Amino acid sequence: MVQMDAKILENREIAHQRYKMVLSAPQIGRQVQPGQFIHARVCKSFPPLLRRPFSVHRVDGEKIELLYKVVGKGTEILSRKNRGEYLDILGPLGKGYQFPQKKGQVQYLKELPSGPSKISDIILVAGGTGVASLLFLAESISAGNTKLPILVLIGAKSKEELLCEGDFRRLGCRVEVATEDGTRGYKGLVSELLEKCPPLSGDSPKPIVFACGPSEMLKRIGKISRKHRFPCQVSLEEHLTCGVGACLGCVVKVKGSTYTYKRVCKDGPVFDAGELIWE
Amino acid sequence: MRKAKEKPPNLRIKLAGISLRNPVMVASGTFGYGEEYAELVDLNRLGAIVVKTITLKPRLGNEPPRIVETASGILNSIGLQNVGIDAFINEKLPFFRKYDVPLIVSIAGETIDEYVQLAKTLRREKIAALELNLSCPNIKYKKKLMFAQDPQATHQVVSRVRKATSLPLMVKLSPNVTDIASIAKVCEEAGADGVSLINTFTGMAIDVESREPILRQITGGLSGPAIKPIALRMVYEVHKVVGIPIIGIGGIMTVGDALEFIIAGAEAIAIGTGNFVDPLTPIKVINGIRKYMIKNKIKDIKSIVGSLKCPKD
């Protein structure tokens, strides 16, 4: 974990209100794992007072990329930053996805509460800008040698808001799309698309699912994973304060003897869906 | 002729018998148990660390949402989530052995006996001082009051803990009172070695679409730059009536903020919310104080404590 002023190399709108930012951040680029995030101070004055968290979308040597949607004052300020300016960031932060990187490395899955002994393939489920961390994951899995096929399900409100479809295809992933208005692919929710995947039920080898998107979507996917008993990791989106595990402001309820709390910023943002208590 | 080398300004202070290398501390609840920030901040450069409040038993804390950002501030209702005194001593304290920084342990109880028991339990530990958190909005003593809102209860708890420990004793005061100076005076009379002020202001925020409070506990404690002018006024008022040292807390983000508190009468200051915004805030404030002293030819930081020049009537 470092704090640094990262030089902005690029900051451009790639779709309506969706931006891609490229930063020069060698120390972070070298360490960051898929699912981890950086915590950015978008301006030196306030409000907004607190930093804003962004998951890392891509790493290219010493450069890291962010993909973000303008949702409020913080991201609005960020979207107006120019190339050559500097951004005060902390990172890499949090615990990312636990994924198979080599063929024999599927072992670790047994340690997960819902871990099976065999998995058929890898399914990534992205909702909206949730694609951000999942592209980094797909690239990291592909760079390893798992030989497991990757299926990517991308959901968006309409086709104009679909992101990264081509990037996943170029990696050799199979991609299926769901839009709520039916302008592209399956008409409906991406979680419905997941439930239609053939190998979910029965005793056959199960897929492992990684999901990132709005909390309602993750909740639905968590339910599906419980019903069909496949391992599933979800990356939670939460307002963060410190980002380093000190303030205890971002907790989620997890299973314990009754229940206990875990910090989204430090113990997550990626959690095994089986340990979360959805409310 | 060779100019005599200027002696570097002296930032060292002695606070209630504890020697601090500078007057800049980090406030309870905003710096975890130290380990969370150790990769980013050289802990040995801090004046002191006040760790997150410890209770006798572990506490789960409140249901989320626990924090919401407001205009230049944050509202929190964490609910004193902490590992409890035993786990603190066994799992958290050993971390500090490799550091050379005074550790102030913040404690809170639901009864006076709990405060006494906590103080006794910590008697043999290598810590610099205790801070009695009498002002946590999540612990109510009686009649929906915090200890620090009731002068009698404050007197009782401070004097009982005083008898139970020889460690220096700070008392963290609540701003949610009519006259904070009278409560500070009670602390002094009951044997406190210092007062830390202020804790958070009770506040709230509402989601107008759902018409629900944003925090699950409805209300929470407001901190950050939004409260700084009020905190400063309270330090000024308390400084006029007590002789024991004051630790100034409340929305300090810059060296200018810190100096205001010192000039108003604080012998030391603590950074709280500022740590979340920039973990290097305390270090930047320390460097800034040194620069200010050099520029203004101030040899010893003590000389400007309470040096406010008010117009004469």
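In what order do the 4 strands of the open sheet in chain B stand, and in what sense do they pair?

## The open sheet of chain B

In this predicted model, the order of the 4 strands in the open sheet of chain B is S5-S6-S14-S11, and their pairing is antiparallel. Strand S5 (67–70) and strand S11 (201–204) of chain B stand at the edges, where each has a single partner strand, so one side of each is left without a neighbour in the sheet. If direction is ignored, neighbouring strands of this sheet are turned against each other by 40 degrees on average.

One of these pairings can be followed down to single residues. S5(B) pairs with strand S6 (residues 73–76) of chain B in the antiparallel sense, over 4 bridges, and B:Thr70 has B:Gly73 in S6(B) as its bridge partner.

## Two domains in chain A

The domain assignment of chain A gives domain 1, which covers 2–93, and domain 2, which covers 103–237. Where these two domains of chain A touch, 13 residues of domain 1 and 13 residues of domain 2 take part in the contact.

On the side of domain 1 of chain A that touches domain 2 of chain A, strand S4 (52–60) and strand S5 (63–69) of chain A each supply at least two residues. S4(A) gives the most to this side, with 5 residues.

## The largest nonpolar core

The largest nonpolar core has 183 residues, and those with the most contacts inside it are A:Leu124, B:Met25, B:Ile49, B:Val195, B:Val235 and B:Ile269. Helix H3 (residues 131–143) of chain A gives the most to this core, with 8 residues. The core also draws at least three residues from each of domain 1 (2–93) and domain 2 (103–237) of chain A.

For a view of the surroundings of one core residue, B:Ile49 may be taken as an example. Leaving out residues up to four places away in sequence, B:Ile49 touches B:Met25, B:Val26, B:Phe31, B:Gly34, B:Leu43, B:Val101, B:Leu103 and B:Ile104. Among these partners of B:Ile49 is B:Met25, which is itself listed with the residues that have the most contacts inside the core.

## Where chain A meets chain B

Between the two chains, 20 residues of chain A are in contact with 27 residues of chain B. The side of chain A that touches chain B is made up of 13 nonpolar, 5 polar and 2 charged residues.

How values were computed
Residues are numbered from 1 along each chain as its sequence is written. Chains are lettered from A and ligands numbered from 1 in the order in which they are written. This is a predicted model: local features need pLDDT of at least 70, side-chain atom pairs count only at pLDDT 80 or more; totals for chains, interfaces and linings use all residues. Domain bounds come from an automatic or database domain assignment. Two residues are in contact if their C-beta atoms, placed from the backbone, lie within 7 Å. Two strands pair if DSSP finds at least two bridges between them. Axes are lines fitted to C-alpha atoms, for helices over the stretch in contact, and angles run from 0 to 180 degrees between N-to-C directions. A nonpolar core is a set of buried Ala, Val, Leu, Ile, Met, Phe, Trp, Tyr and Cys residues joined through C-beta atoms within 7 Å. A residue is buried if 20 or more other C-beta atoms lie within 10 Å of its own, exposed if 12 or fewer, and partly exposed in between; C-beta atoms are placed from the backbone. Ala, Val, Leu, Ile, Met, Phe, Trp, Tyr, Cys and Pro count as nonpolar, Asp, Glu, Lys and Arg as charged, and the others, Gly among them, as polar.
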